[in-house]
Amino acid sequence: MNHNLAKLHPYPFSKMTNLLANSTPDPAYYEIKLGIGEPKHTPPAFVLDELRENLDSLCRYPTTNGLFELRQTIAHWLERRFFLHHVNANTEVLPVMGTREAIFSFVQAVVNHDDSGLADNVDRADGLDSSEQAPSNATVVMPNPFYQIYEGAAILAQATPYFVACTLENNFKENYRAVPKKVWEQTQLLFVCNPNNPTGTVMTMEDWELLIRLSDQYNFILASDECYSELYFDEPPIGLLQACATLGRNDFKNCVVFHSLSKRSNLPGLRSGFIAGDAKILQSYLQYRTYQGCSMPIPHQLASILAWQDEKHVVQNRALYKEKFALWMAELGELLELRMPDAGFYFWIKVPDRFNGDDEIFVKALYEQVNIYALAGSYLSREVNGHNPGKGYVRMALVASVAESREAISRIRKLLSC
């Protein structure tokens with residue numbers, strides 16, 4: 001077996017299963033799941049109809065790079081949404097089976113660990129997980145807290161994860177200016193989550209300019225996970241490719257983005273997304289994928305075309321989230337330290353003092369006393385230099401219906417008022 005498998009940390013939901021293994025929720029309440037980012041809004045009916053009408057195409061093998069019609073639709077969507085001059089559907093877009101799969105495989109394809117020496121010249125106190133021995137000089141930089149696939153993919157690619165903390169002191173954004181020069185010199189890939197999961201912060205043009213300048217200076221790939229980009233309240237977040245175009249970098253050099261229909265269109269089970277950007281990088285990644293053998297079924301591709309072409313259902317989707325956030329702020333704002341995210345569908349909530357600031361105690365109380373499933377913030381973060389930036393926080397995903405949201409609010413008020 002791959003010896004790096006032993007270095008993987010338990011997945012957050014596995015930790016939650018262990019935490020709640022001996023807990024029994026109050027039978028007076030049905031379960032409300034607010035810990036998993038699985039949209040519960042109704043998916044577009046026309047997309048489901050398209051799936052059903054094309055089931056006969058399951059008898060054909062899909063190509064690795066997907067249907068041209070899908071790539072072209074995605075290219076046109078990118079041009080409209082991010083004000084891009086031109087996106088080449090043949091060289092700058094690649095459909096994938098959900099961004100989780102793509103992010104993981106992308107890291108395996110791009111990390112070069114030919115240098116097998118240990119990263120002894122990187123100070124672990126500067127952002128490395130102190131419990132892990134650095135496997136090589138190849139470094140993958142990521143936010144902390146973070147989407148766990150970034151770390152797991154880096155470890156299995158024999159790279160060293162480097163964590164940049166998102167804390168209250170920095171308005172829950174990464175302070176890349178504090179990353180040491182010696183780390184940048186070993187960096188091969190930097191992950192940005194924009195909007196961020198779980199903090200809900202978004203990148204400004206100034207933030208993008210800094211990272212693009214660092215990418216040029218140290219020649220690393222800049223990868224932006226933008227799966228929540230369409231869940232905003234007022235102004236749409238600036239994407240990485242949009243920042244490139246603004247700077248006149250129409251070749252998107254060293255820059256790629258990941259997008260998905262899971263959150264945008266309430267279709268997590270469709271497993272439909274794409275990667276777009278630097279054609280040279282995508283050319284090599286496509287070759288990798290031809291061996292990996294992971295291509296999207298044709299019915300999924302045809303349904304995806306319709307989903308990317310329609311914005312009406314996305315506007316309705318945003319309106320529902322906006323309604324629920326307003327409801328939570330109005331009904332729980334005086335009992336919880338709620339901070340409106342810039343975008344996305346998560347609340348990153350500080351644990352109330354009565355629970356001693358312990359996120360595990362708080363999520364157990366939510367589960368046992370009012371049957372609400374939330375996610376402990378420390379499970380989404382890694383301890384670095386004695387500090388876990390997620391400790392003392394809980395992630396709440398406002399994925400339930402408006403009616404269930406009202407019920408959840410009522411239960412939480414009861415819990416906090418006891």
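Visitor: What makes Glu101 and Arg289 a salt bridge?

Guide: The closest N and O atoms of Glu101 and Arg289 are 2.7 Å apart. A salt bridge is a side-chain nitrogen of Lys or Arg within 4 Å of a carboxyl oxygen of Asp or Glu, so this pair qualifies. The pair links distant parts of the chain, with Glu101 in helix α4 (residues 99–110) and Arg289 in helix α10 (residues 279–292), 188 residues apart. Helices (H or I, at least four residues) and strands (E, at least two) are DSSP runs, numbered from the N terminus. Both Glu101 and Arg289 are buried.

Visitor: What kind of model is this?

Guide: This is a predicted model, in which local features need pLDDT of at least 70 and side-chain atom pairs count only at pLDDT 80 or more, while totals for chains, interfaces and linings use all residues. Residues are numbered from 1 along each chain as its sequence is written, and side-chain values use heavy atoms, leaving out hydrogens and water.

Visitor: How many salt bridges does a search of the whole structure find?

Guide: The search finds twelve. One of them joins the side chains of Asp216 and Arg249 at 2.7 Å, N to O. Asp216 lies in helix α7 (residues 205–218) and Arg249 in the loop between α8 (240–246) and β7 (255–260), so the pair ties together parts 33 residues apart in sequence.

Visitor: Why is Arg249 called buried?

Guide: Buried means under 20% relative accessible area, exposed means over 50%, and partly exposed is in between (1.4 Å probe, protein chains only). Arg249 has 14% relative accessibility, so it counts as buried.

Visitor: What makes Lys322 and Asp234 a salt bridge?

Guide: The closest N and O atoms of Lys322 and Asp234 are 4.0 Å apart. Lys322 lies in helix α12 (residues 312–332) and Asp234 in the loop between β6 (221–225) and α8, so the pair ties together parts 88 residues apart in sequence. Lys322 has a relative accessible area of 42%, so it is partly exposed. Asp234 has 62%, so it counts as exposed.

Visitor: Why is Asn388 called buried?

Guide: Asn388 has 13% relative accessibility, so it falls under the cut-off for buried. Asn388 is found in the loop between β11 (375–376) and β12 (393–397). A polar atom of the Asn388 side chain lies 3.3 Å from the backbone oxygen of Ser378. Not counting residues up to four places away in sequence, Asn388 touches Ser378, Ser381, Arg382 and Glu383.

Visitor: Why is Met1 called exposed?

Guide: Met1 has 93% relative accessibility, so it counts as exposed. Met1 lies in the segment before α1 (12–19).

How values were computed: Polar contact = N/O pair within 3.5 Å; in protein donor to acceptor, adjacent residues only side chain to side chain. Contact = heavy atoms within 4.5 Å.
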